Every structure is written in C-alpha cells, then in structure tokens.
Amino acid sequence: MNFKIEKRAEASELMRWLSPFIAIGATLVITTLFFLALNKSPLEVFYNFFIAPVQDLYGVSELAVKVAPLMLIAAGLLICYKANIWNIGAEGQFIFGGLIGGWAGLQFLDVNSPWVLVPVMLAGVVAGAAWAGIAAFLKTVFNTNEILTTIMLNYVALNLLNFAVHGPLRDPAGFNFPESAMFNSSAAMPIIWQDTRMHLGIIIAVIACIGVWFILSRMHLGFRIRVRGADEHAARFAGFNAKAITWFCLLISGALAGLAGVIEVTGPIGQLTPSISPGYGYAAIIVAFLGRLHPIGIIFSATLMGLLYLGGELVQMFLGLPMALTSLFQGLLLLFILAGDLLITHRFVPKWKKPKADEVPNALAEGAK
Amino acid sequence: MDMELITNILFAMVRTATPLLLVALGELICEKSGVLNLGQEGMMLMGAVLGFIVTTLTGNVYVGVLVGVFGGMMMALLFGFSVQILNTNQVATGLALTIFGTGLSAFLGYSFVGQSIDGFHSINIPVLSSIPIIGKMLFTHDLLVYLSFALFGGIYWFVYKSRAGLKLKAVGENPHAAKALGLPVIQIRFMAIAFGGAMAGLAGVYLSLAYTPLWVENMTAGKGWIGLALVVFATWRPERILIGAWLFGLASILHLVIQGLGFEISPSLLAMLPYLVTIVVLVMLSRDPIKQKLFTPASLGKPFRAGD
Amino acid sequence: MRDTEPRLSLWNITKKYPGCIANKNVTLDVQPGEIHALLGENGAGKSTLMKIIYGVTHADSGSIIWEGHEVDIKLPTDARKLGIGMVFQHFSLFETLSVAENIALAMSDEEPLGITELSTKIIEVSTKYGMPLEPDRLVHTLSVGERQRLEIVRCLIQDVKLLILDEPTSVLTPQEVDKLFDVLRTLSAEGCSILFISHKLNEVKALCHKASVLRQGEMVGDTDVDTASVDTLASMMVGEQTKLEQEYEKVLGSETALSITKLNYFTSDPFGVNLKNISLEIRKGEILGIAGVAGNGQEELFSILSGEIQIQQKQALTINQQDIGALNPAQRREFGMSYVPPERNGRGAVEDFSLEENALLTNNIGNKFGKLNLKGIKQFANDIITTFNVKCHNSKTAASNLSGGNLQKFIIGREILQEPTVLIAAHPTWGVDFGSSKAIQESIIELRNNGAAVVVISEDLDELFQISDRMCALFHGRISPVKPATDVSIEEVGRWMAGVFDEQEAAA
C-alpha cells in the first residue's frame with residue numbers, strides 16, 4: 001500500500017452523503033466481475049435487475065408492494081439501532097405478526113365490513129410487539145443478550161408458522177396443502193391504485209419514517225434513545241431509564257414488523273403459507289444501514305432493496321440465475337456500506353517517507369554500523 | 001428404554017453435536033482475542049457449499065474438506081479486514097457476512113442442489129469401539145468426528161497451557177496493555193479470526209460431506225448461531241463447550257427419543273426445541289452479571305485500531 | 001557533557017498527530033545511573049516521548065542512540081531486549097490473569113512458559129527490592145500500589161538498564177511515595193538509569209539529579225536539579241504564565257445541605273469496592289475534599305451520590321431532610337444536585353454529539369410535552385461557551401473535537417450554570433492544562449461563595465489542599481475523620497489514605 005489511513009480532524013459531511021453511493025458503486029463493480037466470470041453479460045443482468053422491473057406503471061406498483069414491508073420494518077429497526085439495541089429478530093416479529101394477524105383474519109372470513117381491518121391489523125401489531133417484547137423482557141430482567149434471543153425467536157416463529165399451516169390453521173378444503181384459507185379482501189389493506197396490488201401500506205410506511213424522524217430529532221425521547229445508543233455511561237449519568245428505552249424501542253420495532261407481516265399476509269399473499277417472508281426481516285437490516293440510519297435515507301434505501309427483490313424474480317425468470325443473487329447483492333452492499341463509513345472519519349494519505357540516514361550526523365550514523 | 005436405544009441416541013448426539021462443537025471452538029478462539037464474529041452462519045455455509053462442489057468435481061472428499069476450510073477462512077479474513085483495518089462495527093459486519101455468505105453459497109450451489117456424493121464413512125476403531133455404550137457413542141464415527149475430538153484436545157492445551165494461548169487471552173482482556181507490552185494485537189486477532197473461520201468452514205464441510213452428504217440452500221439452519229450461544233453458555237471454557245455441544249446435540253435429536261418412546265408430536269414443534277433451549281440457557285447464564293463480567297473477554301466486541 | 005557515554009540519547013525527535021505536534025525536535029541525554037526527570041504540563045508531550053523510546057509509537061523523524069549506537073525500536077520487545085523497561089501511568093496489566101502470567105507475557109518468546117520457575121524468580125526479585133508480590137494472585141484482587149509494584153518487578157526481572165516511570169506517584173500515598181523513591185535510589189546506585197515523568201516539582205526536587213522540561217512538545221531546556229529552585233522549574237514548565245500556587249480563602253459552612261448517614265453498599269462488580277458505614281455532612285458554603293488512592297471506593301461513592309447507583313437504604317442520603325437514595329440522577333437534579341464525573345468523554349459528555357446536544361444531557365431545557373426546545377438548547381450551549389471561555393468552532397462542534405481542558409470547562413459550565421445547591425465533582429482538573437485548571441478552580445470557589453455545598457473527590461492531594469475547606473480520605477471503602485484543611489497536615493492525610501485512622505472517630 002502506498003497510502004495510509006489517517007483520521008480526519010473533523011468528520012466529512014461530503015462523505016456522509018457520498019459513502020452510500022460509493023458502496024453501491026463498489027457492489028456493482030464486484031458483481032460485474034462476478035457475472036463476467038460466469039459468462040453472463042453484466043449489462044443484461046443489471047438491466048433485468050434495475051430497469052426492466054420498473055419500465056411500466058404496473059412494475060412501479062409492484063415495487064411499492066415490495067417496498068412497503070421493507071420500509072416499515074426498517075423504520076422500527078432504525079429506532080433500535082439508534083439505541084444500540086441489536087434487534088435481529090424482525091424476521092420473527094414479521095412472521096409472528098403475520099401468523100396471529102392471519103389467525104384473526106380467519107375469524108372474519110364471512111364478514112364483509114371495512115371494520116374487519118381494525119382487529120386484524122391490531123392483532124398483527126400486538127403480536128409483533130409481543131414477540132419483540134420477549135427479547136425486551138429477557139434483556140431488562142435477566143440481562144440476556146438481545147442478538148441471540150431475537151435470532152433464536154426467528155427460528156421459533158418460523159417453526160410455529162410451519163406448525164400452524166400444517167395443523168390448526170390449515171384450510172380444511174385445501175387438499176392437504178400446508179396453507180390456510182384465502183382471506184376476505186376486507187381484512188386486507190385497501191388498494192390505493194386500481195387494478196394493481198399497490199395498497200395503503202406504502203403510505204403508512206412513509207408516515208412511519210417521518211414519525212420516526214420526528215421522535216429521533218425533535219423529541220426528548222429520541223434524544224434519550226440516541227444518548228443510550230451512543231454512550232451507555234453517559235445515559236446513566238444523565239439519569240435516562242435504560243430499561244424503559246429498551247422496552248420502547250423493541251416494542252415499536254416489533255409492532256412495525258408485525259404490522260408489515262399482517263399487511264403482507266392478508267394483502268399481497270392472501271393466505272398463510274409456510275413462506276410468508278422472503279427474508280424481509282433480514283433485508284430490512286440492510287435497508288436501515290444503507291439509509292445511513294436516517295429515517296429519510298430509509299425511504300430511498302428501501303426502494304433500492306425492493307428493486308433488488310423485484311429484479312431478482314425477473315433475473316430468475318429470464319436469465320435462469322438463482323433468486324439467491326438478491327441476497328448476494330444485499331450482503332455485498334451491506335459490507336461495502338459499513339466499510340464506506342471509514343471515509344467519513346478517515347482519509348487516505350500518501351505514506352510519508354521515513355527520514356533518510358543522511359539527516360543523522362555522520363559520527364552517529366557510523367556508530368550505528 | 002432399552003440399551004440399544006440409549007446407545008443409538010448417544011451416538012446420534014455426538015454426531016449432531018460435531019458441527020456445533022467445531023463452530024463453537026472456532027468462535028471461542030476468536031472471542032478470546034476480543035473479536036465478536038457473528039458471521040458463523042455465512043462462513044459455515046460457504047464451507048459447506050465449497051466442500052460439496054469440490055468433492056463433486058474432483059471426487060475427492062479430502063480436497064473438498066481443504067477447500068471448504070479455506071473458504072471459511074477467507075470469509076473470516078474478509079470480516080477481519082473490515083473490522084480491523086476499515087474499523088467497521090463488529091456486530092453489523094458479522095451480520096453482513098452471514099447475509100453475504102448465505103447468498104453467495106446459495107448462488108454457487110444452485111446447480112448442485114439434489115446431487116449426491118460419496119461422503120465420509122464411519123470407521124470403527126478396533127477394540128475401543130467394542131466397549132459397551134461408550135464404544136458406539138465415541139468410536140464408530142467418521143474421520144471428521146475424530147478430527148473434532150483431536151481439535152478439542154489441541155484447543156484445550158492451547159488455551160490453558162501454551163504461551164500463545166496466554167497472549168491470546170491478554171489481547172482479548174486488554175488490547176491496549178497488550179500493545180504496550182509489544183504484542184502484535186492486530187496480527188494476533190487476525191490469526192484468531194482466521195482460525196474461527198477455518199473451524200466454521202470445517203463445521204460446514206461436516207454438514208455437507210458427512211452428516212447429510214448433499215447440498216441444500218441454508219442447510220445450517222441456525223447452527224452457527226447456536227454455536228455462538230454455546231460459547232456464552234461455556235463461559236469461554238473449551239471443556240464446557242464440549243458438554244454444551246452434546247447437550248444441544250441431544251436437544252436437536254429429541255424427536256428420535258420421543259418417537260422412540262412412542263409419542264406423536266408435530267415435527268415443527270420439536271424443531272423449535274434447540275432454539276428454545278438456547279434461549280433458556282442464555283437466560284440462566286446471564287442472570288449473574290458478576291460471573292459474566294469475570295469470564296467475558298473484557299474487550300469483546302470493542303474496536304481496536306492500530307493507531308490507538 | 002560528562003565524559004561518560006550517555007546511556008540514551010534522543011536526537012531531534014519529531015512526532016506529529018493529525019492537528020497537533022506532540023514532539024518537535026526533542027533532544028535528550030540520560031547518563032548511566034542518573035535519575036532524570038522529564039517535566040511538563042499535561043499535554044506537553046511527555047507520554048508520547050516515552051512511548052517512542054519504549055517502541056509503543058514511532059517518531060516521524062529523529063534518532064534514538066542507545067549506548068552509542070543508533071537503534072531502531074520497532075516494538076516494546078525491542079526496547080526490552082536493549083534493557084529498557086517502562087511503568088505505565090495507566091497500568092498495562094491484565095485483570096483476570098495472575099501476577100506470574102502478567103510477568104510471563106513480557107518475557108521473551110525463546111524461554112519456555114514455565115510459570116513455576118518464574119514464580120520463584122518473582123519472589124526472589126520482589127523481596128530483594130522490598131516490594132513483595134504473590135505470584136498466584138489475580139491482578140484484579142491487587143491494590144493500586146501492588147499493581148505498580150508488579151509493573152516495576154516486571155521490568156526488574158529482566159536486567160533493566162533504563163527504567164521509565166510515567167507519573168508513578170499519582171496513585172500512591174505520600175508514605176508509599178517515599179518507599180518508591182528508596183527503591184529508585186537503590187536502582188540508580190546499581191547503575192540503572194531512571195526517567196521519571198512528572199509534573200510535581202517537589203517530587204522532582206526530592207528525587208532527581210537532572211531535569212528536562214517539555215513545553216507544548218518542545219524541549220525548553222534542562223538543568224541540574226540541585227541548583228535550580230522550584231520556581232525556576234515552574235516557570236520553565238508553564239512559560240510566561242506565573243505558576244504561583246493560587247491561594248484561596250478558606251471558610252467553614254454552617255447548615256447541612258446533603259447528609260450521608262451510615263451508608264453501606266455492597267458492590268456487584270467483581271472489580272469493585274464495598275462502602276462501609278460512611279457518614280458525612282456536606283455543608284452549604286464550603287468545599288469538602290475527599291482524598292484517597294484510586295480504587296478505594298471513589299467510583300462507588302461518586303455513583304451513589306450521583307444516583308447512577310441507587311441504594312436500598314433510602315434514608316442514608318438526604319438533602320434538606322428528604323430521602324434521595326432511591327432516586328435516579330435526573331430526579332436528584334430536581335433537588336438542585338449537580339455532578340462532574342471522573343470521565344469527561346463517555347460519561348460527562350457524549351463524544352460524537354455536538355455541544356448543543358451535550359448541553360441537553362443534564363439540563364432538560366424548557367422542553368414541552370417531550371418536544372425539544374431547539375432555540376433554548378442553542379442559547380444554553382452558547383451561554384456556557386461564552387461564560388466559561390470554551391474554545392470551540394461553534395455550538396455545533398462535536399465534543400470529541402475539543403481539547404480535554406476545554407471540554408472539562410464546558411461540562412463544569414453546564415453544571416454550574418444550572419445553579420446547583422450541591423455540586424459533586426470528581427478530580428475536576430485532572431489532565432487539564434494550567435490555564436483551564438485555574439479557571440475551573442475559580443468557578444468552583446465562586447459557586448461555594450454563592451452558598452452552594454461542594455464535594456471534590458480527587459487523588460491529587462495538592463489540588464485538594466488548595467481548594468478544600470474541610471478534608472477527609474477514603475480507604476478500602478471507609479471514610480477517615482473530617483478536619484478543616486487548615487488544621488491538617490499533608491502527612492496526616494497521607495496516613496488516612498493508608499488506612500491509619502480511628503474508625504470510632506470517623507463514624508462520629
């Protein structure tokens with residue numbers, strides 16, 4: 001290396017803005033090399049990933065369908081991450097919200113009233129919050145690390161869902177498929193664009209982001225959350241109640257993930273199946289980081305991530321490449337985003353040469369030999 | 001329960017525990033150096049898929065093992081470069097590694113799904129394998145299981161008896177003091193991270209070449225995370241990792257036991273058991289903050305830069 | 001120059017960090033057997049220079065000549081091979097390892113680990129110099145004084161020719177300091193050179209042969225200690241500023257503001273200290289100084305007073321007859337309490353946050369319904385900056401961009417501007433340059449004169465004698481008798497710090 005990494009005297013504002021784009025650029029470069037090695041035209045792959053999905057208005061509406069859950073979940077995760085609470089369990093909270101919301105939906109199969117929406121959505125929200133609440137309880141009472149508990153709860157939720165669709169919630173008229181009955185459309189989020197699947201969820205997600213922004217930057221509660229995340233000792237010194245903050249953050253993010261789950265199950269999917277989440281809970285972690293842990297940034301990063309999902313499906317269909325390409329993209333992107341943060345606080349400078357021997361007096365230089 | 005059932009359960013327990021033991025021992029060394037790598041799942045999957053692909057292509061399981069281990073190590077070095085040189089957050093980078101490894105392994109293994117190979121076979125160790133119960137439990141396995149026993153012995157010696165192990169502990173305890181004494185903190189951590197990756201790779205290889213000789217997307221199913229929990233459970237002591245791995249192995253095969261006893265329970269519910277057990281164990285352990293503080297490597301998860 | 005060859009010569013050492021020059025063309029000679037003081041204010045570049053000699057960091061330019069040969073010290077291992085040993089200010093020890101293991105880590109790799117043989121050698125060496133150590137003890141069970149012994153023995157066990165000690169007396173009682181000096185004199189007589197880093201002139205005068213003075217990274221001169229007066233050394237150290245010890249008027253307060261009654265606290269921290277039967281009256285209009293060697297319960301006492309640790313015995317802490325033991329720091333601030341914690345960054349302030357946000361940390365300025373009053377926050381931050389002369393770009397500057405002294409002024413300012421009736425400050429001028437430390441002391445005195453009750457917990461006896469009106473000391477979680485500062489000698493406080501006091505008297 002001819003450069004060394006040096007700390008900047010002050011963080012660079014320019015890099016704060018540029019670094020996500022640098023990360024995206026680096027991801028594209030690496031994946032280009034990857035496709036070349038596989039004898040696939042990178043241009044064709046990228047076209048199918050990023051342009052083809054949104055060429056028509058229907059594509060745009062489908063994008064909104066994918067973006068809504070990602071944005072909702074990421075908004076909640078953001079609050080946790082700001083407080084330095086590592087909720088990795090959005091996947092489980094999403095699934096559990098979907099499962100319980102779905103169960104509620106199944107109770108109203110024959111009711112055609114717009115009011116059905118309320119109990120169904122509420123069931124999802126409460127379930128998601130409760131699932132995250134388990135981790136909050138264990139953390140505040142037993143001091144148990146939330147990373148591991150939330151991860152484990154993901155697997156538990158997934159197995160519960162499996163159990164439910166294979167057993168108690170299986171559609172009796174469904175030829176023994178592990179699926180529930182189809183929901184009544186009144187249990188789903190209202191469609192806001194006729195003849196598409198685009199629903200109110202996207203609007204709720206944007207509102208959630210703005211709400212999170214308001215809490216974090218305009219309210220004392222948000223300040224307390226940020227202090228706890230930046231520095232636990234300072235938060236204790238200031239007298240902020242760490243346990244209350246932990247509960248708040250986990251409940252909010254669980255509630256939002258649960259809401260995303262029930263919206264997804266009763267709306268776009270329409271029934272409970274063993275695979276109600278294509279990894280939204282994990283992808284939302286990347287959305288939160290790609291959005292630089294800023295609520296408005298999340299609106300953009302969720303859109304990009306939604307595009308990756310949509311594109312992944314197209315690439316699978318037209319180019320015969322596996323859906324796994326999406327998570328490959330996601331993983332690389334997250335790695336580069338994290339690495340890119342270095343540019344904000346550090347810079348590369350040419351290595352200074354060491355002083356040459358002739359600067360040392362001759363007598364001393366001789367003595368050294 | 002009859003003798004044979006018990007023997008079979010113990011045998012299956014050791015087999016199931018092997019990947020957990022390997023990945024947890026690797027993470028133990030990594031965490032002893034003060035680095036928390038949450039990328040186990042990703043590294044294991046890369047080890048599993050590379051081992052499988054190479055074995056399919058070359059027909060040689062040993063080459064497969066080597067490449068799989070190497071793959072896990074490369075993934076770990078990617079993590080090490082990121083957290084140590086680029087100073088990224090360890091938790092987030094570990095997660096990124098898991099997501100990346102999941103994607104990359106699925107992508108690489110796409111066309112290998114459903115293929116079958118000739119994996120590792122059991123080798124009965126003469127004399128020892130004929131001891132009642134213990135013989136079948138410990139001495140009728142494949143080569144990788146025996147390797148895991150050897151690695152356990154080596155790591156036990158390394159942690160408790162060697163100067164290098166002492167240095168590793170020193171770096172994890174207080175990297176600043178270690179640096180002031182002249183220990184190459186970054187290098188030692190790189191080696192620990194790489195070792196952790198190699199072990200995760202081996203754990204993955206065991207899954208795809210020995211445990212169930214085939215490749216399935218996401219076939220680790222959270223074993224890497226359980227390995228992480230095991231390290232906490234073991235309070236960073238190798239001998240407890242062995243016991244813990246066996247306990248978790250037992251929890252994972254409980255459906256065998258329950259079926260053996262003639263009960264009917266949904267397999268989905270039983271599949272939850274290892275995860276629930278993990279949570280319960282974590283709760284029991286984390287209740288005592290004093291012990292936690294005494295046993296956790298003091299610098300775990302905290303960044304250390306060369307210039308500090 | 002003497003006619004002997006210097007053991008160590010530094011020639012034109014320069015070390016730059018982004019935004020500051022730690023050492024600029026520093027030149028220094030240390031003779032065999034010489035006890036050489038390196039004097040300088042906080043931030044003058046003493047520690048950086050020592051780390052360069054010991055190979056912990058590297059100079060950008062310049063050379064190190066060891067016994068006549070230019071050497072390239074890349075790592076502390078290289079330094080140790082030459083015979084250079086270092087005792088760090090913040091010890092480089094490993095809490096959960098044993099004494100012997102800590103020493104083994106500094107031994108060369110070629111030797112086998114042999115903890116048993118090493119233990120015998122440790123006992124031998126440590127007894128020889130009168131610094132007994134038990135090889136099997138775990139470091140976290142050692143007192144601060146014992147830890148220092150361990151650091152010194154770790155150097156001595158490897159035939160050291162130059163021993164560097166960075167502010168070694170700051171963690172010792174006056175009596176322990178005398179013992180340490182005896183050891184150093186013995187070593188010097190055996191021919192070992194000693195580099196003694198300090199900013200305490202009296203100690204330098206008592207111990208050292210020669211003194212070199214660093215100011216803002218530059219060597220301003222060296223002198224024979226015998227011929228130089230303390231005043232000369234002082235003016236070399238701080239330059240134009242006259243460092244005459246500021247004298248403050250001593251007063252005694254009357255009414256009790258905060259009282260601690262029979263406080264007992266059992267820590268859950270394995271590295272912590274239990275507090276035993278502590279009773280203190282903190283009176284309005286006076287400063288109570290609490291002395292003590294680090295690790296004798298200061299952290300626990302501070303946290304209990306601030307509310308970071310809440311206690312079961314609610315009535316053990318009362319302010320104006322109201323029990324506050326179970327309240328958290330924010331609730332206690334409602335009672336007019338205010339605190340300056342021992343750590344600036346990472347407790348008193350959040351490094352990455354702006355000064356405005358840091359101003360909000362302990363002062364919930366006019367926020368309504370949980371919504372932040374952004375204008376009021378900015379106003380308050382700017383008030384602190386102007387009143388306390390905090391040097392910074394503006395109120396949006398991150399705390400991490402302020403020097404230690406300026407950040408400390410900001411924190412003190414934040415607390416004092418809230419007009420507390422009780423202020424608890426932990427070593428308020430620690431690591432702060434002379435100018436800021438004077439400003440901080442004056443503001444504390446002014447707060448006292450306005451009728452507030454002040455507690456200063458510090459390890460720096462000089463400072464405590466300077467500003468306290470009454471004094472006591474903490475030892476192993478117990479409190480000594482309290483006496484007016486004018487009635488107590490430095491030796492008596494030293495004895496208290498070593499635990500020599502009558503508990504009956506203390507409890508009374």
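**What share of the 308 residues of chain B counts as buried?** The figure is 56%, where buried takes 20 or more other C-beta atoms within 10 Å of a residue's own, with C-beta atoms placed from the backbone. This is a predicted model, so local features need pLDDT of at least 70 and side-chain atom pairs count only at pLDDT 80 or more, while totals for chains, interfaces and linings use all residues. Residues are numbered from 1 along each chain as its sequence is written, and chains are lettered from A and ligands numbered from 1 in the order in which they are written.

**View 1. Chain B on its own, with 15 helices and zero strands.** Helices (H or I, at least four residues) and strands (E, at least two) are DSSP runs, numbered from the N terminus. The radius of gyration of chain B is 19 Å, close to the 19 Å from the globule rule for 308 residues, so chain B is as compact as a globular protein of that length. That radius is taken over C-alpha atoms, and the rule is 2.2 Å times the number of residues to the power 0.38. Along the principal axes, the C-alpha atoms of chain B fill a box of roughly 60 × 45 × 40 Å. Take the contacts in chain B between residues at least 6 apart in sequence: 79% of them join residues at least 24 apart. A contact here means C-beta atoms, placed from the backbone, within 7 Å.

**View 2. Chain B meets chain A, with 37 residues of chain B in contact with 37 residues of chain A.** On the chain B side, α4 (90-108), α10 (223-233), α13 (267-271) and α14 (273-286) each supply at least two residues. The most comes from α4(B), with twelve residues. By type, this side of chain B divides into 24 nonpolar, twelve polar and one charged. Ala, Val, Leu, Ile, Met, Phe, Trp, Tyr, Cys and Pro count as nonpolar, Asp, Glu, Lys and Arg as charged, and the others, Gly among them, as polar.

**View 3. Chain B meets chain C, through 18 residues from chain B and 21 residues from chain C.** Here α7 (163-173), α8 (175-180) and α15 (289-295) of chain B each supply at least two residues. It's α7(B) that gives the most, with six residues. The chain B side divides into nine nonpolar, three polar and six charged.

**View 4. Domain 1 of chain C against domain 2 of chain C, with C-alpha centres 32 Å apart.** The contact takes 15 residues from each of these two domains. On the domain 1 side, α5 (144-156) and α6 (174-189) of chain C each supply at least two residues.

How values were computed: Domains from an automatic or database assignment. Buried ≥ 20, exposed ≤ 12 C-beta atoms within 10 Å, placed from the backbone.
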